[in-house]
Amino acid sequence: EFSGNLHKQWYQRRVRGTFLICWIRMKSHVFTTLILTCTLVVLACCNTCKPRTIRRYNRCLNNGFPSNVGCVSGQGTLRRRAFRRCQRLEKVVKSCGYSCSSSAVARERTPVSYNAKCGLHVRTSGGPSRYETWNGDVAFLHGNNEQFLIGLHPERGNIAIRNSRFRRGYSRWGYHWVSVSYPAADSTGHRDYSFSFGPYSFVLSCQGRTLIEIPYGQLTSWRQASFRGRINKIKFKLSGVGGPVSMTYRKDC
């Protein structure tokens with residue numbers, strides 16, 4: 001009887017030990033799985049490009065930084081320090097899997113959805129002429145209502161702006177004409193334009209050079225954020241006296 005009790009106690013201890021080992025292994029497996037899951041989540045978060053980083057990289061492209069990831073670059077010239085900063089930014093965006101939005105061909109008077117939080121980049125070669133020509137018009141809309149229109153006229157050295165509130169430059173043919181200095185087109189006759197809505201003003205630049213900056217108070221009586229929020233479409237005009245214009249565009253959000 002005594003030996004039987006010892007055997008029974010030994011058996012119970014063995015069962016408890018086996019159960020304890022299985023429980024520890026199970027907890028270890030669950031803990032390991034949890035750690036792996038958390039690690040993957042953190043890596044996924046880390047591999048998401050920050051919007052601020054993308055905006056800074058796009059600014060580098062607009063200022064003439066030569067892209068190694070297939071993005072369209074302007075024709076500006078960067079100083080050595082700025083160039084190195086842009087190189088570091090490009091490494092960051094490559095590591096987080098960023099790729100430039102593909103360009104689309106602009107169509108005559110066909111509205112396209114747009115958010116003013118996105119940068120708009122337009123590449124145009126003007127009309128079919130060996131001389132300098134009109135580079136097309138870009139209109140910003142709320143629904144079907146035009147908020148303002150930008151006409152690109154390097155052949156005149158002007159920007160044509162259509163807006164009921166805008167008063168800079170001189171008025172003719174329903175537009176206000178503002179004198180600007182355009183950068184030279186590239187060897188194929190193309191120019192790259194950037195349209196951006198900042199916190200307080202709209203900025204149009206060409207190949208890294210600011211052509212015009214318009215405070216929102218010169219375009220609307222709405223509050224700045226409300227005016228930007230109203231813009232939900234863009235429309236292109238490509239046919240005219242100097243047309244048809246060849247144009248592609250890209251939205252960077």
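Modeller: Gln207 sits in the loop between E10 and strand E11 (209-215); helices (H or I, at least four residues) and strands (E, at least two) are DSSP runs, numbered from the N terminus. This is a predicted model, where local features need pLDDT of at least 70 and side-chain atom pairs pLDDT 80 or more, while totals for chains, interfaces and linings use all residues. Residues are numbered from 1 along each chain as its sequence is written, and side-chain values use heavy atoms, without hydrogens and water.

Biologist: Why is Gln207 called buried?

Modeller: Buried means under 20% relative accessible area, exposed over 50%, and partly exposed in between (1.4 Å probe, protein chains only). Gln207 has a relative accessible area of 6%, so Gln207 is buried.

Biologist: Why is Trp173 called exposed?

Modeller: Its relative accessible area is 56%, so Trp173 is exposed. Trp173 lies in the loop between strand E7 (170-172) and strand E8 (175-179).

Biologist: Why is the pair of Phe140 and Phe195 called tilted?

Modeller: Rings of Phe, Tyr and Trp (its six-membered ring) pair if their centres lie within 6.5 Å; planes under 30 degrees apart count as stacked, over 60 as edge-to-face and the rest as tilted. The ring centres of Phe140 and Phe195 are 6.0 Å apart and the planes are at 55°, so the pair is tilted. Phe140 lies in strand E4 (residues 137-142) and Phe195 in strand E9, so the pair ties together parts 55 residues apart in sequence. Both Phe140 and Phe195 are buried. Ring pairs also link a cluster that includes Phe140, Phe195, Phe197 and Phe202.

Biologist: How do you know which residues line the largest pocket?

Modeller: On a 1 Å grid over the protein atoms alone, a pocket is an open set of points where a 1.4 Å probe fits, with protein on both sides within 12 Å along at least five of seven lines; lining residues have an atom within 4 Å of a point. The largest pocket has a volume of about 800 Å³, the space filled by probe spheres set on the points, which are joined across faces, edges and corners. Its lining has 29 residues, and the closest to the centre are Arg55, Arg59, Gly119, Ser196 and Phe197. H2 gives the most to this lining, with six residues.
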